[in-house]
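Open the structure in your viewer and keep the selection panel at hand. The stops below are meant to be taken in order.

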Amino acid sequence: MKLLQAKSQLVFYPYMYLDTARYCILTNSLNSQTTYSEQELVALLQQRNRQAFGYLYDNYSGALFGIVNAIVTEKETANDVLQNVFVNIWKKIESYDASKGRLFTWMLNIARNAAIDELRSRSYRDKQKNQPLSEGLAFPGAVTDPVVNDVGLKKVLGRLKEEWRVLIDLSYFQGFTHEEIAKMLGIPLGTVKTRIRSALIQLRTLI
Amino acid sequence: MNTQEYISSGIVESYVLGLASDEERREFEQMCRQYPDVLEARIAFEIVMEKQAMQNTIAPAAEVRNRVFDEIGSAGKVVSMSASPSGNTGWLKYAAAACIILLAGSLYWNISLSKKNKELRNNYDNTVARLNEMENDIKVLTDKESVKMASMKGTLESPQSYTTVYWDTTSHDVYLLVNNLPKPADSLHYQLWALADGQPIDLGFITDEYFVRKDKLLIRAKNAQKAQAFAITLEKKDRVDVSKPAGQVYVVGKL
């Protein structure tokens, strides 16, 4: 019996060299309910595993659409942006560096940047021109009015004191640089930086 | 270094939310490598952000998923490994099915060919038989110098009628060729006579079958020992004494 066990171990020994990712492909094909650890998921994605990518989409598209939607309010455009976000995740996954942040943080920033790029694009601004002005670059003060149906971070934003709220909105949701904000609001760059930092600290306590 | 002061400066949030400048980012990444506290604070805020985002999801349009997969194409597609073994047996199944179909087709083909072959064979046999018959008839008329011919012209009773008799003077065989003779009524039939020394000799009847099957060339009659002339009369079928003619003469001819 012991000999038999030893023998079977020998026989199966080569399979033990299968790395975690490959093992996951096998187990995942057997069990569709598998959940991945972040490490496994990243490894599979970097190997261009579509099943893992499907899992990623199913689990995170809603959260990423939340942030896209907070920036690009027009629904159809927001959907297009989300499509680009996931295509970019697929394309750029090689460049993801776990030492610099979690996978979700990386994806969230891709989503935010894509949404802001869209917001800044000429086509989107042209589209917005035909709409009644609600929030616009010309009236930064108007941004401060909290919109009732805001969700997520935007909702949290509503609970910040006004001078901080404007700063977070302009920097995080509209993607303006500190310099741009300083110029826009007519306050020194240093003050912008300090206030944004303070706003972020405050924001953290509210999340 | 007092990392707590650094951590609570807002740099963690600034970095995670992507609001830090490039310089701040490089510095923060360096701090993370150097101080586990800073790294822990970063991860803690990342988890807060992730949780927050996961609690505030908005469902995108359903077709976006397909559009994404369409756009990334087939690159990196996972090859299904379970397909190959069942594929092999599948191949055998199809091959076996194909063989059975071919066999059945071949069988049907053979049967129909054999049937057709039989038909052709029968036709051929019939044709050969008829050809032999005709060749024999012609031999009767041509080969023997002893065969005499008598053209039998229509009488006043039936001027269009015309027959020919061939009589072999040695074997005494008699053959009749009907060139033209009207089809008789059902109750009547034609009788062939040899006239020898003024006496009629019965050579037999032309059966109704002849008028149905027109392809028969010569009609074999009874032998005639002696004959100077031949005649055909139309007689009633129910006549008792057939040795003497009773009806109208239709054709008559001398040797």
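The tour goes from the chain contact to one helix pair and then to a sheet.

This is a predicted model, in which local features need pLDDT of at least 70 and side-chain atom pairs count only at pLDDT 80 or more, while totals for chains, interfaces and linings use all residues. Residues are numbered from 1 along each chain as its sequence is written, and chains are lettered from A and ligands numbered from 1 in the order in which they are written.

**Chain contact.** Select both chains: 40 residues of chain A are in contact with 35 residues of chain B (C-beta atoms, placed from the backbone, within 7 Å). On the chain A side, α4(A) supplies the largest share, ten residues. Helices here are DSSP runs of H or I, at least four residues, and strands are runs of E, at least two, numbered from the N terminus. By class, this side has 19 nonpolar, 14 polar and seven charged residues (Ala, Val, Leu, Ile, Met, Phe, Trp, Tyr, Cys and Pro are nonpolar; Asp, Glu, Lys and Arg charged; the others, Gly among them, polar).

**Helix pair.** Next select α11(A) and α1(B), residues 3-16 of chain B; they pack at about 85°, axes 8 Å apart. Axes are lines fitted to C-alpha atoms, for helices over the stretch in contact, and angles run from 0 to 180 degrees between N-to-C directions. The two helices are therefore roughly perpendicular (65 to 115 degrees). Residues meeting here include R197(A) and R204(A) from α11(A), and E13(B) from α1(B).

**Sheet.** In chain B, select the open sheet of eight strands, ordered β5-β4-β7-β8-β1-β2-β3-β6 with antiparallel pairing (at least two DSSP bridges between two strands). Its edge strands are β5 (199-206) and β6 (218-221). Finish on β2 (162-168) and β3 (174-180) of chain B, joined by six bridges; Y166(B) stands opposite Y175(B) in β3(B).

Conventions:
Two residues are in contact if their C-beta atoms, placed from the backbone, lie within 7 Å. Angles under 35 degrees count as roughly parallel, over 145 as roughly antiparallel, 65 to 115 as roughly perpendicular and the rest as oblique.
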